[in-house]
Amino acid sequence: MGLLTIASIPIELVRSGDFAGAVQALGPLWRGVGVKPPRRGMPDREYALLLLACGLLSIRLGRMKQANALESAKDMLSESARLLEGQPEECAARLYLGSAYSDSGEYHEALAIADSVLEMEADSEVVICASVLKAVALK
C-alpha cells in the first residue's frame, strides 16, 4: 500500500469524525497532536499528504485537548501547502490552514487564505468551502 493511500484514509476518517481510526490508520507515523511526522525519505507529494493528514487531525484533536496544538497544525499545513504547490491537493491544504487560522481567532489571515484559494483553479466543492471559510472569517 503506497503512502498516498495511507495518507488518504486518515484524512477521510478525520472528516467523518473517527479520530481514533485516523490515529490507528497512521500507525507509527502519528507522533501526537502538533508533532510533525517523520519524513523517512518520502517524496514531497507523499510527505505533503502525510502532513495534511497529521495537521488536520491535530486541528480536530487540538480543539478538544490543546489550544497550542493549533500552532503546530498551522505549521504542518503550511508546509503541506508549500510542498503541494501546483497539485490539486494544494487547495485542500490551504483550506485546512485557513480553518486553523480561523479556529485560533486570526480571521484576517483566514480571510487572506480563503481569497487566495478562490483565485486558484478549483472545483465547485473547493469554491464552496473557501466561500464558507471567508464568511466565517468576516463575521
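Axes are here taken as lines fitted to C-alpha atoms, for helices over the stretch in contact, with angles running from 0 to 180 degrees between N-to-C directions. In this predicted model, the axes of helix H2 (residues 19–26) and helix H3 come within 11 Å and cross at roughly 145 degrees, and the crossing in which H2 passes H3 is left-handed. On the H2 side the contact is formed by Phe19, Ala22, Val23 and Leu26, while H3 contributes Leu50, Ala53, Cys54, Leu57, Arg60, Leu61 and Met64. By residue class, the contact of H2 with H3 comprises 10 nonpolar residues, no polar residues and 1 charged residue.

Helix H3 (44–64) also takes part in the lining of the largest pocket, being one of the elements that give two or more residues to that lining, together with helix H1 (3–15), helix H5 (90–103) and helix H7 (124–138). The largest pocket has a volume of about 630 Å³ and is lined by 26 residues, of which Arg15, Ala92, Leu95, Tyr96 and Cys129 lie nearest its centre. The most is given to this lining by H5, with 7 residues. In composition, the lining of the largest pocket divides into 16 nonpolar, 3 polar and 7 charged residues.

With regard to confidence, the chain has an average pLDDT of 86, and 93% of the residues score at least 70. Among the elements of the chain, the highest mean pLDDT, 92, belongs to helix H6 (residues 107–119), whereas the lowest, 72, belongs to H1, one of the helices that give two or more residues to the lining of the largest pocket.

Technical notes: Residues numbered from 1 in each chain as written. Predicted model: local features only at pLDDT ≥ 70, side-chain atom pairs only at ≥ 80, totals over all residues. Heavy atoms only, no water. 1 Å grid on protein atoms, 1.4 Å probe; cavity = no way out; pocket = protein on both sides within 12 Å on 5 of 7 lines; lining within 4 Å. Points joined across faces, edges and corners; volume = space filled by probe spheres on them. Helix = DSSP H or I, 4+ residues; strand = E, 2+ residues; numbered from the N terminus. Nonpolar A, V, L, I, M, F, W, Y, C, P; charged D, E, K, R; others polar. Left-handed = near helix turned anticlockwise from the far one by under 90°. Contact = heavy atoms within 4.5 Å. pLDDT = per-residue confidence, 0-100.
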